[in-house]
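Take a look at the model below.

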Amino acid sequence: MKVIISGCGKIGSAILKSLIKEEHEIVVVDTDPKVIESITNRFDVLAICGNGASYDVLEEAGAKTADLFISLTSSDEFNMLSCFVAKKLGVPYTVARIRSSEYNNDGFSYIKNELGINVAVNPELLTAQHIFNVLNLPSATSVETFSANDIEMIEVIVKDATKVEGVPLYELRKKIPYKFLVCLVERDDKVYIPNGSFTIQAGDKVGIFASKADAPEVLKFFGFNKKTVKSVIIVGASKIAYYLSKLLTNAKSSVKIIDKDEQKCLKFSEELNKATLVHGNGMNQELLIEEGILNVDAFVALTGKDEENVLMSIFAKNKNVPKTITKINIEEILNLADELGLDTIISSKYLVADLIVGYARALESSKKSKIETLYSLFGGLAEASEFKILPDFKHTNVPLKELNINGETLVAGIIRNRETIIPCGEDVFRIGDKVIIITAGKTVYDLSDVIG
Amino acid sequence: MNYKLIVSTVLKVIKIEAVLMLVPLITALAYREDCFYSFLITMVVAFTIAHVISKFIKEDDKYFYSKDGLITVALTWIAVSLVGAVPFVISGEIPSFIDAFFETVSGFTTTGASILSDVESMSKGLLMWRSFSHFIGGMGVLVFIMAITRKTTDRPIHILRAEMPGPVVSKLVPKAKDTAKILYLIYIAITLIVAVCLLFGGMNLFESLTHAFGTAGTGGFGIKNDSIAGYSPYIQWVLAVGMLSFGVNFNLYYLLLLKKVGVVLKSTELRTYLIIVLASVAVITFNIYPLYNNFSNAIRAASFQTSSIITTTGYATADFNAWPSLSKMILFTLMFLGGCAGSTAGGLKLSRIMIATKKSKAELKKLLYPNTVSVIKFEGEKIEERVSNGVGTYVCIYFICFAILTLLVSLSGFSFETNVSAVTACFNNIGPGFDLVGPTANYSIYDGFTKIVLSIAMLLGRLEIYPLLLIFIPTTWKKR
């Protein structure tokens with residue numbers, strides 16, 4: 001597939017990296033010659049130095065034959081204009097990064113249609129929603145939602161395994177009265193796809209598949225106490241903080257936002273009447289204690305400086321805050337975060353990259369590969385892919401336990417007419433079903449490759 | 001450095017080279033020649049050894065930086081030449097390995113300088129291999145590998161840059177592999193056109209293919225002792241135009257395919273190239289007219305030699321050694337020019353000279369008016385300071401290498417004109433020089449040491465100095 005990316009900053013590079021892995025033809029347009037040079041040195045793409053909203057530049061980039069246009073510059077208006085021009089040049093699908101909250105209201109869908117923007121991505125809103133999902137299940141390090149919105153994959157680290165230790169998974173499934181599936185286990189930096197006789201140990205990172213409603217109950221059986229977050233401290237009055245506190249206050253949690261900049265605090269206090277704004281430095285530990293970090297349910301570090309976020313979170317962790325969330329952008333720090341013992345790490349650029357790459361896959365699927373959507377799990381060590389069962393699939397109506405399924409693969413969910421089935425050995429595939437497949441290490445491009 | 005990836009790439013190239021030897025093998029078979037066995041032995045042995053060694057190398061990492069690209073290219077070219085020389089030695093037709101190496105390097109670097117005094121006595125299979133090596137070397141071995149194999153590295157641009165000539169290497173389409181494919185298809189298509197035109201001129205298949213290969217790579221190995229002189233005027237004109245067309249930037253052909261004729265016509269490099277050719281032809285025709293006393297012969301000889309020299313091919317229809325010194329000097333100057341960037345020609349490349357000239361002009365202006373700010377533009381686009389400085393550095397290194405090589409060759413004791421023109425002809429991948437290495441003579445006069453120096457000169461010229469130079473710099477091999 002031919003993709004044009006206009007504006008190649010942090011998010012652009014992250015997307016580029018993922019798209020390149022999937023062998024797309026990519027043209028990058030950016031106004032900064034330095035960016036262009038570094039991109040051509042690092043990736044096998046064509047890079048053009050120029051204005052991504054200009055008709056001529058986009059034509060040179062091959063917009064007439066491109067399948068997808070993604071505009072990611074920091075200016076919303078510029079992105080809208082670029083998508084409009086790209087659409088006029090004949091690109092069938094366009095994605096724009098639109099971050100201003102003024103544009104993210106109901107009236108925007110009209111503009112979106114008129115300008116021919118297929119998807120508007122708001123990285124900050126996306127991140128806020130992701131954080132909100134995690135806060136709803138505080139024991140999870142990460143929560144992944146799938147196309148059928150009522151199913152989730154929850155990543156948890158089993159610290160106290162007294163309830164599940166030594167019990168094989170098939171017995172566990174009988175014991176727990178809710179439907180769930182343990183689909184991934186990470187132990188000693190290796191990811192396993194467990195079978196029925198697998199037993200969980202303390203210290204394992206476990207991926208559990210369950211419906212949204214059942215998830216908290218299932219976690220209870222794994223020894224996690226269900227406790228929703230009622231009070232949150234957020235450091236850094238960023239856009240993410242704005243969206244997040246809106247989501248949280250709507251869910252009746254109390255929110256306190258701390259920021260160094262008084263003007264920002266005043267502005268936020270005006271816009272968010274349910275949140276408490278504190279003017280002060282989040283790095284000041286005394287201030288954090290004074291503002292009640294000792295009694296809070298969750299601590300979210302969202303300042304623009306990764307190092308500060310890490311330090312504050314470590315401090316919060318030491319003060320026994322049940323849940324800490326740290327925003328990190330720089331890749332090198334991201335790699336260190338696990339060693340630093342941080343709880344949940346959020347990186348906007350990867351969230352956006354995952355979303356857009358998923359979209360690109362969906363487009364691609366209509367062309368050649370049969371994947372509908374693809375999610376990366378466990379920091380890229382495993383992948384979940386959604387397939388549609390087409391009439392040419394041979395193994396329909398055969399119970400799963402009779403199928404010869406590749407050992408590295410797990411059928412984690414079947415979506416049939418808006419209903420999600422967490423499958424057991426008796427379930428079957430039917431034509432028209434959507435199937436969620438989990439694999440470790442490699443990407444599956446065709447369902448027939450792993451089931452036979 | 002990623003040694004494993006470098007070695008496995010070199011081995012892969014050797015395997016491909018063994019497969020490519022099928023072309024001369026089939027030729028030898030068709031003419032029932034004994035050199036068939038020398039190709040067969042070389043192919044089997046080279047392929048087996050390369051295959052066995054590569055079994056022991058596990059490419060675990062695909063990281064690849066600019067340095068790795070340069071080293072891969074340099075080592076590949078040396079390896080390819082070493083393997084390519086073997087059939088000449090085994091067949092016994094060029095018994096000395098140094099001679100055979102010189103001949104093969106000359107083939108792959110598209111130089112066309114030969115040590116053979118009687119080409120016609122060579123077997124057809126070996127002649128085909130010589131000419132075919134021009135064809136392989138013209139567009140580049142690694143570019144070929146890139147076009148036909150699965151992706152070897154995540155950053156193929158470094159290989160493309162190191163092997164493709166010109167100051168700025170740009171891709172035509174997003175993927176390096178597809179770019180390589182397009183370039184090769186254009187290359188093959190024009191070669192076929194030339195071959196068909198030659199067939200119409202009465203050449204047989206063998207003759208037309210060898211000459212088309214020599215033209216395509218801008219190489220210049222002929223199969224006759226008098227090069228092209230014995231062929232009909234029609235064939236001479238076909239080759240003259242053919243050579244000229246391979247001296248044009250291949251990107252322009254791609255633009256033509258995309259029907260962007262306007263952009264092609266606006267190319268300043270192409271315009272300058274044609275103007276220089278026309279002007280040189282005019283002056284030389286006028287200058288040599290007394291020797292020929294026939295306008296059509298004079299203009300044909302002048303056009304053929306001009307086109308042959310500016311594209312650094314090296315075919316000859318006349319002994320330009322006997323021409324007046326003005327014509328000789330023009331040809332000597334053209335030797336340094338080379339064709340356009342992104343063509344198969346050698347030399348400094350026109351675009352480099354144009355950028356350097358513009359830069360010098362700007363610097364001179366700055367001398368007169370210290371506060372002027374000037375932007376250098378080329379093909380309608382601003383040339384970054386980094387690029388123009390790079391061009392300056394290249395020209396400087398180019399002449400330093402030239403001086404050192406000439407000094408080393410001068411140890412042989414031949415005349416000044418012979419030595420200087422020998423280095424010029426090898427370094428710029430042309431072939432024939434003046435005096436004792438002129439179009440009617442050959443390089444067999446030199447001793448083994450000088451032949452090796454000249455072989456290095458040819459490789460330096462074809463790879464545009466840097467890759468090969470890096471091999472000789474100790475810091476390259478130091479661990480970070």
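Predicted model: local features only at pLDDT ≥ 70, side-chain atom pairs only at ≥ 80, totals over all residues.

Start where chain B meets chain A. Chain B brings 16 residues to the contact, and chain A brings 14 residues. Together the two chains bury about 1,200 Å², with 45% of it on carbon and sulfur atoms. Lys171(B), Pro174(B) and Lys175(B) supply 43% of the area that chain B buries here, more than any other three residues.

The interface holds 1 salt bridge. Its partners are Arg386(B) and Glu37(A), with the closest N and O atoms 3.4 Å apart. On chain B, helix 8 (157-163) and helix 9 (176-200) each give two or more residues to the side that touches chain A. Helix 8 gives the most, with 3 residues. By type, that side of chain B divides into 6 nonpolar, 1 polar and 9 charged residues.

Next, turn to helix 15 of chain B, residues 295-310. Its 16 residues should span 22 Å at 1.5 Å a residue, and the end C-alpha atoms are 22 Å apart, so the two agree. Is this helix enclosed or open? Of its 16 residues, 12 are buried, so the rest of the structure largely encloses helix 15. Among the buried ones are Arg300(B), Phe304(B) and Ile309(B). Their cover includes helix 11 (233-246), helix 14 (268-292) and helix 16 (325-337) of chain B.

Both ends deserve a look. At the N-terminal end, Asn294(B) caps helix 15: a side-chain oxygen lies 2.9 Å from the backbone nitrogen of Ser296(B). Just after the helix, Thr312(B) takes a positive phi of about 60°.

Note on methods:
Residues numbered from 1 in each chain as written. Chains lettered and ligands numbered in written order. Heavy atoms only, no water. Contact = heavy atoms within 4.5 Å. Buried area = accessible area lost by both parts, 1.4 Å probe. Salt bridge = Lys/Arg side-chain N within 4 Å of Asp/Glu carboxyl O. Helix = DSSP H or I, 4+ residues; strand = E, 2+ residues; numbered from the N terminus. Nonpolar A, V, L, I, M, F, W, Y, C, P; charged D, E, K, R; others polar. Expected span 1.5 Å × (residues − 1). Buried < 20%, exposed > 50% of the residue type's maximum accessible area, 1.4 Å probe, protein only. Polar contact = N/O pair within 3.5 Å; in protein donor to acceptor, adjacent residues only side chain to side chain.
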